[in-house]
Amino acid sequence: MRPDPFPDIVIRGKRMFATIAKLLVKRVLTAIPILLIVSALLFCILRILPVDPAAMSLPPNATVEEVEAMRTEMGLDRPLYEQYGIWLGKLLEGDVGRSIHFRQDVTSLIGSTLPATIELAVIAMVVATIFGLAGGLFLFYVRGTRAEAVMDFFSILLLSLPEFLWSLFLLLIFGVFFEVLPFTGRLSPGFERPVVTGFLLIDSLVTGNISTFFNALQHMILPCLALGIALSPSLMRVLRSSLLDAYQDDYIQQARLRGLSEKRILIRHGLKNAILPTLSLMGVQFGFLFGGTLLVEIIYSYPGMGNLMVDAIRNADLPIIQGAGLTYCIAVLVISIVVDSLYLILNPKLRVR
Amino acid sequence: MRPLPLWLKSGRVQTGLVIIFILAVCAIFAPHLAPNDPNEQNLLSILTPPAWADGGDSMFPLGTDSLGRCILSRLIYGARVALTVAFTASIGAMIIGAFFAHIAGYFGGWVDWLIGRVVEIWLSFPPVILSLILMVGLGTGLRNVVLAIILVDWTRFCRVLRSEVIVLRRRDYVAAAQLVGFSHWRTITREILPGTLPLLITLMSLEMGVAVIVEAILSFVGMSVGSETAAWGQMIADARQNIYEAPFNLIAPIFAIFFAVFGFNILGDGLRRTLDTRLTQTERT
């Protein structure tokens, strides 16, 4: 192994993890006020709605007195800030309330749909990363040629197709015209559905249910491809331009003078520097991707949080909208913290003493 | 005749403008172009295929939907909603975003900190989720769709423009303006704004594409304009229900959305290449 060229300047090894832990603590602490404000905003936006939760939770033939009693019971007669305080207190105990429409606890509804959405989002992120890296490298490889202009034009074409059009498009081609892949739900009827963690792919593997595993995987191909392909063009373009930037720097020329192969220069010097801007874009994009799952879930009737959220919106089911909205927000914050930690690991410039 | 300005010579800008022009003509002259009333239901001929296919009816060139409404007419009328939202929402988001970006970048300090935190809170929501929640709060209707998109997307402008303003305010001519005694307002509008304008225009063109997509998404889940107004997202939702019987009904609105978004994107890309002074000459060609 080569000796560390900057032993005194850059923090490495065990102390690097201490630095990352410090960043994590700081980020989690700043996330708390954000979540508080978001929850307050969610609470206020949904309270100005012209729907009466008390009347909705009672049968239609309830008397005015009964509705009033329910209002008092639900705390709707108190001032808004007091209502928010009560709601927040319960939230911290893990109680987001009861769904008016489904007549179930919101926490259990979210708990049963969130794993499906996470599964979808994570695989889609992997797909997006693979397509993005491969496409970016290819765009860089053909730089300065005629093919570049064609590819560049093509990438704008791709940028104009959001995930929800891709989902419909792939569904039409592979589901309807060629009928090679399933496109509704998470499993075909008749398959056993093991429940251990809620993550279907993991559960079916753990319980040794190989046929369920492959069936679930088939159901995920189209939605994950749609999400992944839609995200990849922006990654491609950033990777390409950061590679172009990196190749302007002297260290590339110097590596050439040292007689390194082009492949080695690309991997050890070019890509190592160019991956950083790409990674920080991925942080933002993956947050958006998590929101994009909503539409893809609706199009593929995939039983995740997106379908729950839209059902809730159609039925004006406030507790679910609040709970699911907050869950989406937490997901985005978690993704951005994870990406920031990765950034710290990959970028020694940020770990200077 | 004067020669065309540089940005108009770009093939990309021309392509984008032609596409937007076509859409604008469809939107403005919709009553003259559409072969049928977009809301007229012909329950005797539902889900007819396009005119060129077997069983097609020349009265409905692109076929009919599940209520027997003419697909082509609805597509043409749908351009009205899409373009209205694209223009008004992107102008609104631009004004709010640019205002806060210039204030934050110019004054710095606690103003910048505060605006930065607000943007951070906004970005902790996936845009789709935030716009849906806003639509729940605001209620459906064209005006509220525009409002929701403005309230969600002003941060796109704010984030990008702020860093541009920070670069520009360190320029000598800004310091000179301040020395001469220009007010802050005058320095921002006369000295900094002309410098951020190219980026602003580019971002606005891209935002129009985003607005078309968001409107389609909202009307797809039934949270946009009412059902009496034809919108592309609604057409997709309707066609999704009858995907086996009439797959073509899905292709038409998908293509319309793609066509519009592509027009705005290619225009934005062309403008970026020709207007951005920091791009090198090689990247521009």
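Q: Is the crossing in which H10(A) passes H11(A) left-handed or right-handed, and what makes it so?
A: H10(A) passes H11(A) in a right-handed crossing. A crossing is called right-handed if the near helix is turned clockwise from the far one by less than a right angle, and left-handed if anticlockwise. The model is a predicted one, in which local features need pLDDT of at least 70 and side-chain atom pairs pLDDT 80 or more, whereas totals for chains, interfaces and linings use all residues. Residues are numbered from 1 along each chain as its sequence is written, with chains lettered from A and ligands numbered from 1 in the order in which they are written.

Q: Which residues make the contact?
A: H10(A) contributes A:Tyr251, A:Ile252, A:Ala255 and A:Arg256, and H11(A) contributes A:Ile265, A:His269 and A:Gly270. Residues are in contact if their C-beta atoms, placed from the backbone, lie within 7 Å.

Q: How many residues of chain A are in contact with chain B, and which helix gives the most?
A: On chain A, 37 residues are in contact with 32 residues of chain B. H11(A) gives the most to this side of chain A, with nine residues. By class, that side has 32 nonpolar, five polar and no charged residues. Asp, Glu, Lys and Arg count as charged; Ala, Val, Leu, Ile, Met, Phe, Trp, Tyr, Cys and Pro as nonpolar; the others, Gly among them, as polar.

Definitions and conventions:
Helix = DSSP H or I, 4+ residues; strand = E, 2+ residues; numbered from the N terminus. Contact = placed C-beta atoms within 7 Å.
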